[in-house]
Amino acid sequence: MKFVSNIEKTKYEEFVKSNSKCHFLQSYSWGEFSKICKGLIPHYVGVTDNGKIIATALLLEKKLPLGYSYFYSPRGFVIDYFDMDTLKFFTEEIKKYTKKHKSIFTKIDPDIIWSEKDNKDNDVSIPYDSKKIFNNIKSLGFRHKGFTKNFETMQPRYTFRIDMNQSFEEIESKFSKTTKQRIKKANSLNTKVRIGTIDDIEKFSELMIITENRKNFLSYNLDYYKNLYEIYNKDNKFILFMGSVNPKEILGKYEESLNNITSELDKLPKEGLSKSQNTHKKELIREKESVERTILEYTPYKNQDEIILNAHAIIIYASKAWVLYAGNHNILTNTFSNYKTYYEHIKYCYDNGIKMYDQFGTIGDLSKDNPRLGLHEFKKKFGGDYVEFIGEFDLVTKPFMYFIFTTLVPIFRKIKREKAKKGLKNEIC
């Protein structure tokens, strides 16, 4: 076996995409993107045996003060984790390689499933022994960072995944009753979903900022999204799905509905109503009040033929898709165009032969006071399997500096994030 670096792009991609556990975060494009937008240095390394690649890793180097650095291999090595000879050799060689760059540690978070439940909360059988993989990794000196429950890690430790190797009717049947009703309502209001272009990135960025303010997370700037779109559309796919409504048309529907309700009320006797007529009258009054409230909501937009309410971005890599970002407006939410947009990119993935659809992140802490519980419940409604990954591992090369980095730096980062958040809010206001 031989350790190799600077693997040529075509050979690297060919090997990664041939692996059943491949992930877009292991792609050559993610390294290019990380260099441009995150200031990281990508290293494409691997192992060959008789000239044939048998393992690879994207190592992202983060430069630190005093010449130090750390490395991160997103979603881990592309390797057979049961092949201890190759895993041990690769780990030892990576340790030597990163030491030359004054690395404090190397982090991996393999795309290895620890547990999985279906949409009815039944355990799903995992087709490999994840505990064996866990022990194999730890035996080589990696430190497991724990079974975290929220978004403490570099990548989400939980997600929802839809297996696309079933009929679309089966996929739809697993949608929650509420989801089906809301998609039906969106269709009745003639909501539209189209695939966007680079010209839609600015609108997508705006909707991400709106969502960030509502959900309390920090989004990225316009250049970040533009670069991601351009880099991934060279070799793979970064697709925008733009959900919109026609307020003028919808307002007309509700005004027509109001006229029909009013007309039906006028037909009822003024006095001497039977019990059933009285019940019907109360129902009509409630319905009329609801429609009137809806008309008031739409009135400010009565002259607009289109308002884009949703902009969702998915990345397609090999035969898999990830819902990377979803920006949604705060207005006209009763159109449920968000649900329609999700439906359309699930359908798109199915129609284009995608085998796995990943909603890219949820929580493991399902307590009622968790502020992310709403996100979890929303994603759950689309019927995917609830997946828990094995977690993060650190391969430490400089123990003292690692202690400094893992105790003091998180405090500094928290302060920095709060300042950034405050500054962004002030700018928006």
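## Strands and the sheet

Two strands count as paired if DSSP finds at least two bridges between them; strands themselves are DSSP E runs of at least two residues, and helices are H or I runs of at least four, both numbered from the N terminus. This is a predicted model, where local features need pLDDT of at least 70, side-chain atom pairs need 80 or more, and totals for chains, interfaces and linings use all residues. Residues are numbered from 1 along each chain as its sequence is written, and side-chain values use heavy atoms, leaving out hydrogens and water.

Eight strands make an open, mixed sheet, ordered E6-E14-E8-E13-E12-E11-E10-E9. E6 (113-117) and E9 (192-195) sit at the edges with a single partner strand each, so one side of each has no neighbour in the sheet. Further in, E12 (residues 320-328) runs parallel to E13 (residues 356-358), joined by three bridges, and Ala 321 faces Tyr 357 in E13.

## Aromatic pairs

There are 43 aromatic pairs here (Phe, Tyr or six-membered Trp rings with centres within 6.5 Å; planes under 30 degrees apart are stacked, over 60 edge-to-face, the rest tilted). Take Phe 33 and Tyr 224: their ring centres are 4.9 Å apart with planes at 80°, so they go down as edge-to-face. Phe 33 is in helix H2 (residues 28-38) and Tyr 224 in helix H8 (residues 222-235), so the pair links parts 191 residues apart in sequence.

Both Phe 33 and Tyr 224 are buried (under 20% relative accessible area, with exposed over 50% and partly exposed in between, using a 1.4 Å probe and protein chains only). They also belong to one aromatic cluster, whose members include Trp 30, Trp 322 and Phe 360.
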